[in-house]
Amino acid sequence: MTPAGPRKVAASSAALAGLSLVLAACSSGADPADYPDDDIDVIVPFSAGGPTDTVTRMIAEPMSEDLGVQLVVQNIDGAGGTVGAGQAATSDPDGYTVLMHHIGMSTAPALYEDLAYDPIADFKPVGLVTEVPMTIIASSDFEPETFEEFVTYVQENADTVTMAHAGEGSASNLCGLLLTDALGVEVTAVPYDGTGPAMAELVGGQVDFMCDQTTNTTGQITAGEVKAYAATTPERIEALPDLPTTTEGGQPDIQVSVWHGLYVPVETPDEVVSQLTDSLQVALADEKVIDQMADLGTAPVSEEQATPEAHATLLEEQTATWADIIGSGQGG
């Protein structure tokens, strides 16, 4: 707050102490007992229409109904999700700004040297939402017909094939890193500003292949707009039962799913976090949400996973794991 003009006030120590308490209360937001009494902004650090945006909008409606206020999705994309996440980290810790992020929350420290926030120290997890399988797909005119043929073709033509992804730090970028590392090749990576443009270029044949979430690929696969080679999961995906897994194709090391979760700034009161967690669990038990996720090849996590404790554990484990996978220099 900026004073309107200079004042000469003789204040006692007690009065100053009282003022400090008032300012502290203002900076931390409204009384948690009154929460929520206004709309809640949910920052999605990726473009509208992408997989994370899709998942967010699925749960926003039932959470809005449960909390009695609107959850308003705000797409703030850029720099692999770090722009939106950075804005969420510095927002008022009052529960009225929530971040939905995916696995990129755990990879950002390894990908960005000058990250403006610490994913573990600057946030409180609210709970996990879903783990989305990944699929390896290609343009319809890409030569290989099976996953085994795809592996051989990419290894033999690594200097000419192109791989699309939705920007550094995106889920498609991370899956692509894991894929090419497992195949022992380096290919020409073509970054796009979001999954929408990447998919459009893939369908149009401007790039050869991509690895992305089922929330972004199931529709194109079932419509026959792209070739689908494999799912990066231990078992076949219910929504895509004819799609073999990478393990079936002889590449068990290519396994990754993209988890999504909700976060708030670290100083947010525990009472507020608890209310958000409870509401998230209500949304994940909603039959409409379950059906919507099933149509896209995924499902809500269990009630035990949709907690701050489980979410924090996974974030810490995944941050360490991806630091090893990305390694020095691989994130560039």
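Q: How many helices and strands are there in the protein chain?
A: Helices (H or I, at least four residues) and strands (E, at least two) are DSSP runs, numbered from the N terminus. Here the protein chain has eleven helices and nine strands. Keep in mind that this is a predicted model, where local features need pLDDT of at least 70, side-chain atom pairs count only at pLDDT 80 or more, and totals for chains, interfaces and linings use all residues. Residues are numbered from 1 along each chain as its sequence is written, and side-chain values use heavy atoms, with hydrogens and water left out.

Q: What share of the protein chain's residues count as buried?
A: Buried means under 20% relative accessible area, exposed over 50%, and partly exposed in between (1.4 Å probe, protein chains only). Of the 332 residues in the protein chain, 51% count as buried.

Q: Is T195 buried or exposed?
A: T195 has a relative accessible area of 10%, so it is buried. You'll find T195 in helix α7 (residues 195-203). Now for contacts, meaning heavy atoms within 4.5 Å: leaving aside neighbours within four places in sequence, T195 touches S47, G50, P51, A166, D212 and N216.

Q: Where is L115, then?
A: L115 sits in the loop between α4 (104-111) and β4 (123-139). Its relative accessibility is 22%, so L115 counts as partly exposed. Again leaving aside neighbours within four places in sequence, L115 is in contact with T82, A108 and P109. Take T82: it is 33 residues apart from L115 along the chain, and their C-alpha atoms are separated by 7.7 Å.

Q: At what angle do the axes of α4 and helix α11 cross?
A: Axes are lines fitted to C-alpha atoms, for helices over the stretch in contact, and angles run from 0 to 180 degrees between N-to-C directions. The axes of α4 and α11 (residues 308-326) come within 8 Å and cross at roughly 45°.
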